[in-house]
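Dear colleague,

Please find below the sequence and structure that I am handing over to you.

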Amino acid sequence: MILEIVSPEATLFKGEVTSVSVPGINGEFQMLNNHAPIVSLLGKGNVKINAQNMNIEKEFVSKFNKVNEQTYWLPVSSGTIEMNENKIIVLAD
């Protein structure tokens, strides 16, 4: 599935991922391939990204926390997420 993370400044990441966990306002939830369509508000926490090959542009690497070779976390204070047809769009603050 495709993940796109957009902040007010720029698109921080766009690429193929295996799973994404987000801090929803009613608790954390995870999305895998072929997840049902969803739209949700995000609370303060980490967007947790798992991917076989994370290619983050050099100018945005400092915004992400590397957990291991396949897992990165992006701290967010709020935002919105939409998943539809195996594409996740995160609008993050």
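**Strand pairing and the nonpolar core**

Leu-3 stands opposite Ile-88 in strand 10. Please note that this is a predicted model. The pairing to which these residues belong joins strand 1 to strand 10 (residues 87-92) through five bridges, and the two strands run parallel.

Strand 1 also pairs with strand 2, here in the antiparallel sense and again over five bridges. Within that pairing, Ile-2 has Glu-16 of strand 2 as its bridge partner.

Which residues touch the most other members of the largest nonpolar core? They are Leu-3, Ile-5, Phe-64 and Ile-88, in a core of 26 residues. Two or more residues of this core come from each of strand 1, strand 2, strand 3 (19-24), strand 4 (27-32), strand 6 (45-50), strand 8 (71-76), strand 9 (79-84) and strand 10. As a general matter, nonpolar side chains in soluble globular proteins tend to be buried together.

The surroundings of Ile-5 deserve a separate remark. Setting aside residues up to four places away in sequence, Ile-5 touches Ala-10, Thr-11, Leu-12, Phe-13, Ile-49, Phe-64, Leu-74 and Val-90.

**Two individual residues**

Ser-7 is located in the loop between strand 1 (2-6) and strand 2. Is this residue buried or exposed? Ser-7 counts as buried because its relative accessible area is 11%, under the 20% limit. Its side chain makes a polar contact of 3.0 Å with the side chain of Glu-9. Beyond residues up to four places away in sequence, Ser-7 touches Leu-12 and Ala-92.

Lys-14 belongs to strand 2 (residues 11-16). With a relative accessible area of 51%, Lys-14 is exposed, since the threshold for that class is over 50%. Apart from its neighbours within four places in sequence, Lys-14 is in contact with Ile-2, Leu-3, Glu-4 and Lys-87. The C-alpha atoms of Lys-14 and Met-1 are 11 Å apart in space, while the two residues are 13 apart in sequence.

**Points to view together**

With kind regards

Definitions and conventions
Residues numbered from 1 in each chain as written. Predicted model: local features only at pLDDT ≥ 70, side-chain atom pairs only at ≥ 80, totals over all residues. Heavy atoms only, no water. Helix = DSSP H or I, 4+ residues; strand = E, 2+ residues; numbered from the N terminus. Buried < 20%, exposed > 50% of the residue type's maximum accessible area, 1.4 Å probe, protein only. Contact = heavy atoms within 4.5 Å. Polar contact = N/O pair within 3.5 Å; in protein donor to acceptor, adjacent residues only side chain to side chain. Pairing = 2+ DSSP bridges. Core = buried A, V, L, I, M, F, W, Y, C linked by side-chain atoms within 4.5 Å.
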